[in-house]
Amino acid sequence: MNENYSLVHDLNYNIDSYINRVRSEISPNKKACVITHGCQMNEHDSEKINWILEKMGFQLCDNFEDSDLVLVNTCSVRHSAEDKVYGQLGVLKHLKEAKPDLKCGVCGCMMQRKESREYVKEKFENVDLIFGTNNIWKLPELLLDSYDTGKLQIDIREKTKQLNDDLGANRLYSYKSYVNIMYGCNNFCTYCIVPYTRGRETSRKPEDIISEIKNLAKNGTLEVTLLGQNVNSYGKTLEDKIRFSDLLYKISDIKGIERIRFMTSHPKDISDDLIYAFRDLKNLSNFLHLPVQAGSSRVLKLMNRNYTKEDYLRKIDKIKSINPDIALCTDLMVGFPGETEEDFLETLDLVKKVEFDTSFTFIYSRREGTKAYNAVDQVPDKVKHDRFQRLIDILYPIQNKKNKAFIGRDVDVLVEDVSKKDANKLSGRTEEFKLINFEGNKDLIGKIVKVHVTDANSFNLKGELCQIR
Ligand code: SAH
Ligand code: SF4
Ligand code: F3S
C-alpha cells in the first residue's frame, strides 16, 4: 500500500506522461463513471475528474453497472451524506464479486478525514484508490499504480490546489458554468466539517479567473456561478488585495456573460460595496443566497457565526432598500446543541420577517472533529424532527406567496433542459433562480427567452413562451 501525505506543491508534476500511459495501456474499450455527492464544489470537481477520464481515453457513462471504473466523489457535511456513500460502496463490493476487474475509487471531502478514510479501508477491500479534494490531478498516476500492483493506492494532500486549477473541466452544460474563485474556509462554524475537509481559505488570482471566464464566454457560456465557501472574503489571501465586489465588476465587463451568480456568502462579511453591485451591475443576477442558520443570537454565538439576529435583519433591510426585487435564499438548521424552544421561535420569527424566496433546511448532524460534537446538550431526535416540520410549515406558504407574485410577469429564462416531470415541456431558471416550466422547442435549450408566467406553486412557476430574443 502506498499512503502518501504531503504538503509540497508539486508544480513540476508531469500529468501528461501518466495520462498517455493509461491511454495506451489501460483504457481502450473501457468505460468509467463518476458518482457525485455534495455541493457545487463537488459537482465542479467531478467535471474536472470527467475531463481527466476522457483525456485518459475512457468512455464516460452514467450507469455504474456497465462501468470498468467507478469513482465516488463524497461529501461529509452530514452523517446521512456519509451513510449514502457507505451504502453505495457496499453495492459496488457485490458488483466486484461478479466482475473482479472492476476498479473502484473514492475521493472528495470524506477522504480528507482520517476517520472516514480508515473506515473505508477497513470495511471495503473492493476500493482500489483513494484521493482527496486537493489532488484530483493524481488520478492517472494512482490508477496506473493500482493496475500495476493490484494494491490499494492512497494519496491525500493538505495543499496543492494550483494543479487542480490547471485541469480542464468536462462541463455538464455549455451555457452555464461553475468557476472556482476560492477554496477552503477559515470560519470554523462549530457544527461544520468543511474547514477540515477543504482546508484553509485561499483565493485564486483575479487574472486567472477572468481568463477562464473569457474562455468560457467564447465557447458559449452565458451564465457563470462563482464558487467559494465564503465568497465575500475573496481576495484577502492574495498579495495584491482585491475585494469580491471588484472582481464582480471585472467579470461583469466580459463580453457574452449575461448572468453572474455566486455562492456562498457569509452574512458577517456582506459589505455595502457588494450590496451596491446588485444595483449597478446589470448582469449580476437578482438573487442572493445568504445562509442565516438560526434566528436566535444566543445560538448564532454558540455556532461561532459572528453576527446577531439583529445584524442579519439590518443587512437584509439594507439589501431590500437598495434592490426591492431581489430574491433571497437561505440555509437553516434546527436542533443545534442547546437550542431551546424559545431559540427556535426566534428562527420562526426571523423567517417570517425576511420572507425568503427559497431555503435549504437541515436537521443538525453531529460531526466528529467539530467543536459542537462534544456538546452535552444535544437536542433529542424527536424534538429536532418536530421543529423541522414546523419550520417548513412556515417557509413553504411564504415561498408560495413569493412565487405567486410572479404571475402575470414576463421574465427572462435561461432554458436549461427538458422538464424532468413532463417530457413535452422545457425547464429553465429566471434571474431570481426560480424554476419555470413551459412548452417550447428543444432548440431553445441554452438560450435566454422571455416567458409569460401563468401559474406558480411553492416550488416552481409555469409559463408560456413570449418571444425569442
Ligand atoms: N459555506 C456555506 C455552507 C456550506 S455547508 C456557508 O457558510 O454558508 C451548507 C449548509 O449545510 C450550511 O449552510 C449548513 O446549513 C448546513 N450544515 C453544515 N454543517 C451541518 C451539520 N453538521 N448538520 C446539519 N447541517 C449542516
Ligand atoms: Fe462551514 Fe461556516 Fe465555513 Fe460555511 S462558513 S463552510 S458553514 S465553517
Ligand atoms: Fe461540499 Fe459536502 Fe464537501 S457540502 S465542501 S462536498 S463536505
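Predicted model: local features only at pLDDT ≥ 70, side-chain atom pairs only at ≥ 80, totals over all residues.
Local features here need pLDDT of at least 70 and side-chain atom pairs count only at pLDDT 80 or more, while totals for chains, interfaces and linings use all residues. Residues are numbered from 1 along each chain as its sequence is written, chains are lettered from A and ligands numbered from 1 in the order in which they are written, and side-chain values use heavy atoms, with hydrogens and water left out.

Biologist: Which residues come nearest to ligand 1?

Modeller: A residue is near a molecule if one of its heavy atoms lies within 4 Å of it, and ligand 1 has 15 residues around it. By class, these are 7 nonpolar, 4 polar and 4 charged, where Ala, Val, Leu, Ile, Met, Phe, Trp, Tyr, Cys and Pro count as nonpolar, Asp, Glu, Lys and Arg as charged, and the others, Gly among them, as polar. The ones that come nearest are Gln 229, Pro 291, Gln 293, Asp 331 and Ser 365.

Biologist: How much of the accessible area of ligand 1 does the protein cover?

Modeller: Among the polar contacts (pairs of N or O atoms within 3.5 Å), a side-chain N or O atom of Gln 229 is 2.8 Å from a nitrogen atom of ligand 1, and a polar side-chain atom of Arg 78 lies 3.1 Å from a nitrogen atom of this ligand. A backbone N or O atom of Ser 365 also lies 2.8 Å from a nitrogen atom of ligand 1. Of the 540 Å² of accessible area that ligand 1 has on its own (Shrake-Rupley method, 1.4 Å probe), the protein covers 90%.

Biologist: Which residue of β7 is the bridge partner of Phe 131?

Modeller: In strand β7 (residues 153–157), 5 of 5 residues are buried, meaning under 20% relative accessible area, with exposed over 50% and partly exposed in between (1.4 Å probe, protein chains only). Gln 153, Asp 155 and Arg 157 lie on one side, and Ile 154 and Ile 156 on the other. Strand β6 (residues 129–131) runs parallel to β7 and is joined to it by 3 bridges. In β7, the partner of Phe 131 is Asp 155.

Biologist: How many disulfides does the model have?

Modeller: A disulfide is a pair of cysteine sulfur atoms within 2.5 Å. Cys 192 is buried, with a relative accessible area of 15%, whereas Cys 466 is partly exposed, at 37%. By the sulfur-distance rule, the count of disulfides is 0.

Definitions and conventions:
Polar contact = N/O pair within 3.5 Å; in protein donor to acceptor, adjacent residues only side chain to side chain. Helix = DSSP H or I, 4+ residues; strand = E, 2+ residues; numbered from the N terminus. Pairing = 2+ DSSP bridges.
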